[in-house]
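Colleague: Please put the model on the screen. I would like to go through its side-chain contacts and its surface with you.

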Amino acid sequence: MSIAEIKREASGLPETERRELAAFLLQLGRERNEAWRQELTRRMHDMDAGKKVGQSDFERRAGVTTK
């Protein structure tokens with residue numbers, strides 16, 4: 001399947017599925033990014049050390065949207 005075909009298929013999806021696809025692609029990119037993995041590890045160590053943040057602050061920092 002070509003990129004053009006994938007784009008065509010994606011444009012025909014309902015909005016909720018397009019958002020899910022976008023989140024998947026973003027996560028896929030992050031998983032393969034060494035700097036992102038190191039940052040995630042640092043944040044997990046901070047959490048283990050008691051440096052916690054609220055959910056909304058976490059989502060803002062992580063670039064996550066829940067709407």
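Modeller: This is a predicted model, in which local features need pLDDT of at least 70, side-chain atom pairs count only at pLDDT 80 or more, and totals for chains, interfaces and linings use all residues. Residues are numbered from 1 along each chain as its sequence is written, and side-chain values use heavy atoms, with hydrogens and water left out.

Colleague: How many salt bridges are there?

Modeller: A salt bridge is a side-chain nitrogen of Lys or Arg within 4 Å of a carboxyl oxygen of Asp or Glu. By this rule the count is seven.

Colleague: How exposed is Arg19, the residue that meets Glu15 in a salt bridge?

Modeller: The N to O distance between the side chains of Arg19 and Glu15 is 2.7 Å. These residues are four apart in helix α2 (residues 15-31), about one helical turn; helices (H or I, at least four residues) and strands (E, at least two) are DSSP runs, numbered from the N terminus. Buried means under 20% relative accessible area, exposed over 50%, and partly exposed in between (1.4 Å probe, protein chains only). At 43% relative accessibility, Arg19 is partly exposed.

Colleague: What is the N to O distance between Glu34 and Arg37?

Modeller: Glu34 and Arg37 lie three residues apart in helix α3 (residues 34-48), about one turn of the helix. Glu34 is partly exposed at 41%, and Arg37 is partly exposed at 39%. Their side chains meet in a salt bridge with an N to O distance of 2.3 Å.

Colleague: Which residues are linked with Glu39 in a network of salt bridges?

Modeller: Glu39 is partly exposed, with a relative accessible area of 24%. Arg43, four residues from Glu39 in helix α3, forms a salt bridge with Glu39, the closest N and O atoms being 2.9 Å apart. The residues linked with Glu39 in the network are Arg42, Arg43 and Asp46.

Colleague: Where does the charged end of Arg30 sit?

Modeller: A charge sits over a ring if NZ of Lys or CZ of Arg is within 6 Å of the ring centre and within 35 degrees of the ring normal. The charged end of Arg30 is 4.5 Å from the centre of such a ring, that of Trp36.

Colleague: Is Met1 buried or exposed?

Modeller: Met1 is in the segment before α1 (3-11). Its relative accessibility is 76%. By that value, Met1 counts as exposed.
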